[in-house]
Amino acid sequence: MKMSEAKSLADAGKLAAAELLRNPSDFSQWFIMVVESSGKSFIIADENDDPIVTDALESLFALLKSLGFRKAQIAF
C-alpha cells in the first residue's frame, strides 16, 4: 500500500494496527505492515510502489507517527 493511501485510510480511522517486521531475506532490514479494520494486512510502500525497507529501525518511527500511530508491535 502506498504511503499516500495509508495516510488517507489512517485519517479516516480505517487502520487498526501497525507492526514493524524484519525483512525475511535480510534480517538487518525492517519494514512496516499495517492492518486495516477489515483485517487485511499491507506493507507500506513509497509512491513508486516499492516497499519501504531500511536498516534504521528508528527512521520508521517517523512514518508511523505521520500515519497517526502512537504504538506499534515490533516482531524480532
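These legends accompany close-up views of a predicted model.

**View 1. Helix H1 and its buried face.** Helix H1 spans residues 3-11. Its buried residues are Met3, Ala6, Leu9 and Ala10. Seen down the axis of H1, these residues fall within an arc of 120 degrees, so they line one face of the helix. The cover over them includes strand S1 (15-23), strand S2 (26-36) and H2. Glycine 13 follows H1, and its phi is positive, near 75 degrees.

View 2. Helix H2 covers residues 57-66. Leu57, Leu60 and Leu64 are buried in H2. Down the axis of H2, the buried residues fall within an arc of 50 degrees, so they line one face of the helix. S1, S2 and S4 are among the elements that cover them. The face turned away from this buried side carries Glu58, Ala62 and Lys65, which are exposed. Just after H2 comes glycine 68, with a positive phi of about 95 degrees.

**View 3. Leucine 57 in helix H2.** Leucine 57 lies in H2. Its relative accessible area is 17%. Buried means under 20%, so leucine 57 counts as buried. Leaving aside residues up to four places away in sequence, leucine 57 touches Leu20 and Trp30. Serine 28 is 29 residues from leucine 57 along the chain, and the C-alpha atoms of the two are separated by 9.4 Å.

View 4. Glutamate 36 lies in strand S2. The residue is buried yet has no salt bridge. The nearest side chain of opposite charge belongs to lysine 40, 5.4 Å away. A salt bridge needs a side-chain nitrogen of Lys or Arg within 4 Å of a carboxyl oxygen of Asp or Glu. Not counting residues up to four places away in sequence, glutamate 36 touches Met1, Leu9, Lys14, Leu15, Ala16 and Phe42.

**View 5. Aspartate 49 in a loop.** Aspartate 49 sits in the loop between strand S3 (41-43) and strand S4 (53-54). Its phi is positive, about 65 degrees, although aspartate 49 is not a glycine. Glycine 13, which follows H1, also has a positive phi.

Methods
Residues are numbered from 1 along each chain as its sequence is written. This is a predicted model: local features need pLDDT of at least 70, side-chain atom pairs count only at pLDDT 80 or more; totals for chains, interfaces and linings use all residues. Side-chain values use heavy atoms; hydrogens and water are left out. Helices (H or I, at least four residues) and strands (E, at least two) are DSSP runs, numbered from the N terminus. Buried means under 20% relative accessible area, exposed over 50%, partly exposed in between (1.4 Å probe, protein chains only). Contact means heavy atoms within 4.5 Å. The arc is that of the directions from the helix axis to the C-beta atoms. Lys and Arg count as positive and Asp and Glu as negative; His and the chain ends are not counted.
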